[in-house]
Amino acid sequence: SADLKDLGEDLQDLRGFYDNQRSAWDRLRNELTRFESNETQLESDNQAGSALARLREIVKSPRPYALIAETGSLVDTVRAVNDGLVTAARPPVLAAIASSRLTVEEDLASSAIESSVGAGILARFDELATDVQSQSSIAHIEQARSIADHEVDSALAKIEAARNAAEHGKNPKPTPPAKAVASISARDVAGGKMLESKEDVESYLAKLRKALETADDGDRRGGL
């Protein structure tokens, strides 16, 4: 019957797929995943855009077996454009990172920051440059430029803090000596006299204030 014939053909296709086409299929899926990070740029290119669209049609097909033979040249077309875009995106970003590193390096030369700390600060820019060299996503490559700008601000702040700390270490502000506490007896100020009237209280307070002010004018501070 027709159903048995179709089933036989399906089994034959599957056997041929696993025997001869599996590696090409896996390559197709892996490459499509890699191309996703730059799909906006690839779709803007006429040649790569049409090849990428065809690859997506094939990978979504319910019976792709007869179409897999097309994928090799299509993948090569998209990959060539993708590699060219990535290669072109790196140099301006690497130049920006190098410029940022030089800015920090020049400021480090006039600072008192420890050499090990300075080396650690500069190493961050070297790490960024290495990442750009190995990165295949154009968006991530461009992002490294912004990260380098942020690293400059962070590095200059650290250098300025180290410079200020060094200056304060050379010219520390003198700490004023603590004044000894002069003990003032409320009973002595009152002269042993009972405070019986408003005038007595005001006279007592005036004498007490004067005693405290006299103690504070010297090397001691007054305390009751």
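Helix α3 covers residues 46-60, and its 15 residues should span 21 Å at 1.5 Å a residue. The end C-alpha atoms of α3 lie 22 Å apart, which agrees with that expectation. The model is predicted, and the values below are computed from it.

**Helix α3**
- At the start of α3, Asp-45 places a side-chain oxygen within 3.1 Å of the backbone nitrogen of Gln-47.
- The buried residues in α3 include Ala-48, Gly-49, Ala-51 and Leu-52.
- Leu-55 and Ile-58 of α3 are buried as well.
- An α-helix has 3.6 residues a turn, so residues three or four places apart point the same way.

**Asn-82 in helix α4**
- Asn-82 sits in helix α4, which runs over residues 71-109.
- Asn-82 counts as buried because its relative accessibility is 2%, and the cut-off for buried is under 20%.
- Leaving aside residues up to four places away in sequence, Asn-82 touches Arg-34, Phe-35, Asn-38 and Leu-42.

**The chain as a whole**
- Eight helices and two strands make up the secondary structure of the protein chain.
- Along the sequence, these elements follow the pattern α-α-α-α-α-α-β-α-α-β.
- The protein chain has 224 residues, of which 26% count as buried.
- Among contacts between residues at least 6 apart in sequence, 69% join residues at least 24 apart.

Technical notes:
Residues are numbered from 1 along each chain as its sequence is written. This is a predicted model: local features need pLDDT of at least 70, side-chain atom pairs count only at pLDDT 80 or more; totals for chains, interfaces and linings use all residues. Side-chain values use heavy atoms; hydrogens and water are left out. Helices (H or I, at least four residues) and strands (E, at least two) are DSSP runs, numbered from the N terminus. Buried means under 20% relative accessible area, exposed over 50%, partly exposed in between (1.4 Å probe, protein chains only). Contact means heavy atoms within 4.5 Å. The expected span of a helix is 1.5 Å times one less than its number of residues. A polar contact is a pair of N or O atoms within 3.5 Å; within protein, one must be able to donate a hydrogen and the other to accept it, and residues adjacent in sequence count only if both atoms are side-chain atoms.
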